[in-house]
Amino acid sequence: MWSRYSPKEQLIRYAVYLITLIAVVWAVSDIDIFWPWVWDAPNQIQSLGARMWPPNVSSGKAIFYAMVETVHIATLATMLTIFIALPVSYIAAQNTTPNKVTLWIGRFILVSSRSVNTIIWALLFVAIFGPGVLAGILAVMFRSIGFIGKLMGEAIEEIDKKPVEAMQATGASKLKVVAYAIVPQVMPAFFAIIILRWDINVRESTVLGLVGAGGIGVLLQGSIDTFAWQTVATILLGIVFLVIIGEAITSALRKKVI
């Protein structure tokens with residue numbers, strides 16, 4: 001009888017399934033879930049939904065300005081990231097880095113940036129600069145360096161080497177090689193990556209206020225703390241609307257670029 005897998009392959013698959021099942025059971029049993037709360041979750045969701053309806057629009061003006069502030073945080077952070085991420089991506093790419101030392105320095109910066117969540121960066125900068133928009137901008141910026149730098153570094157590594165070699169053969173300086181042989185090839189990828197990261201930053205900026213780093217999250221945390229659930233509903237609807245608008249803008253811009 002025909003079988004897709006040999007007996008040895010089937011044994012390996014069953015062993016993988018068994019190991020996965022053991023790992024899942026171990027993880028669930030180790031995190032100490034209070035199951036009565038889990039079974040009561042549907043009732044709590046229904047109760048919370050009833051308290052949120054109807055949304056309270058009396059704070060609409062404050063919510064609007066907080067969302068504008070959120071967009072400003074994302075935009076400024078994205079723009080500032082460019083000036084740091086591009087040089088880092090240059091030294092993190094194997095075909096443009098000066099030597100192995102700079103290669104590992106660049107990759108260490110990218111890994112360090114991506115290893116720390118935006119909220120953690122925000123907590124650190126709130127501790128340094130105090131609560132406010134500045135901490136939020138720096139948090140989003142430091143998180144974005146790894147994202148933009150890594151993708152740009154990969155784009156640089158995938159360029160066609162022939163224009164670079166041709167300019168080097170004519171005795172062109174490194175600056176001219178970068179400006180006329182590398183930059184034109186990576187510009188479409190650069191704009192696509194920046195647009196995508198701005199969209200991500202808008203989403204991440206909505207929660208920065210939960211740790212005091214500015215934006216719409218400040219109003220959200222305050223409303224939750226005071227049990228103003230109808231205002232919470234309005235804020236959540238505003239966040240959803242903001243994300244949809246950001247998605248529409250980035251989709252339109254990407255179509256223009258790509």
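This is a guided tour of the structure above, giving selections in turn and what each one shows.

The model is predicted, so local features are reported only at pLDDT of at least 70 and side-chain atom pairs only at pLDDT 80 or more, while totals for chains, interfaces and linings use all residues. Residues are numbered from 1 along each chain as its sequence is written, and side-chain values use heavy atoms, with hydrogens and water left out.

**Stop 1: Thr70**

Select Thr70, which sits in helix 4. Helices here are DSSP runs (H or I, at least four residues), numbered from the N terminus. Thr70 is buried because its relative accessibility is 0%; buried means under 20% relative accessible area, exposed over 50% and partly exposed in between, with a 1.4 Å probe and protein chains only.

Show the polar atoms around the Thr70 side chain. One of its polar atoms lies 2.9 Å from the backbone oxygen of Ala66. The backbone nitrogen of Ile216 lies 2.8 Å from a polar atom of this side chain. A polar contact is a pair of N or O atoms within 3.5 Å; within protein, one must be able to donate a hydrogen and the other to accept it, and residues adjacent in sequence count only if both atoms are side-chain atoms.

Which residues is Thr70 in contact with, leaving aside neighbours within four places in sequence? They are Val202, Ser205, Thr206, Gly215, Ile216 and Leu242. Contact means heavy atoms within 4.5 Å.

**Stop 2: Ser205**

Move to Ser205, in helix 9 (residues 174-205). Ser205 counts as buried, at 0% relative accessibility. Not counting residues up to four places away in sequence, Ser205 touches Thr70, Ile73, Ala74, Val140 and Gly214.

**Stop 3: helix 4 against helix 5**

Two packed helices are described by the angle between their axes and the distance between the axes. Select residues 60-92 for helix 4 and 100-115 for helix 5. The two pack at an angle of about 130°, with axes 7 Å apart. The axes are lines fitted to C-alpha atoms, for helices over the stretch in contact, and angles run from 0 to 180 degrees between N-to-C directions.

Helix 4 and helix 5 are therefore oblique to each other; angles under 35 degrees count as roughly parallel, over 145 as roughly antiparallel, 65 to 115 as roughly perpendicular and the rest as oblique. Helix 4 passes helix 5 in a left-handed crossing, a term for a near helix turned anticlockwise from the far one by less than a right angle (right-handed if clockwise).

To see the contact, display Val88, Ile91 and Ala92 of helix 4 with Thr102, Leu103, Gly106, Arg107, Ile109 and Leu110 of helix 5. By class, the contact of helix 4 with helix 5 has 6 nonpolar, 2 polar and 1 charged residues. Ala, Val, Leu, Ile, Met, Phe, Trp, Tyr, Cys and Pro count as nonpolar, Asp, Glu, Lys and Arg as charged, and the others, Gly among them, as polar.

**Stop 4: helix 5 against helix 7**

Helix 5 passes helix 7 in a left-handed crossing. Residues to display on helix 5 include Arg107, Ile109 and Leu110, and on helix 7 they include Phe142, Arg143 and Glu157. The contact of helix 5 with helix 7 has 5 nonpolar, 5 polar and 5 charged residues.

**Stop 5: Asn117**

Select Asn117, in the loop between helix 5 and helix 6 (118-129). Asn117 counts as partly exposed, with 40% relative accessibility. A polar atom of the Asn117 side chain lies 3.0 Å from the backbone nitrogen of Ile119.

**Stop 6: backbone details**

Where is Pro54? Look in the loop between helix 3 (41-52) and helix 4. A cis peptide bond joins Trp53 and Pro54, with omega about -5°.

Next, go to helix 8 (residues 161-169): at its start, a side-chain oxygen of Asp160 reaches to within 3.2 Å of the backbone nitrogen of Lys162. Just after helix 8, Gly171 takes a positive phi of about 85°.

Finish at Phe227, in the loop between helix 10 (216-225) and helix 11 (229-257). Phi of Phe227 is near 60°, a positive value in a residue other than glycine. Phe227 is exposed, with a relative accessible area of 62%.
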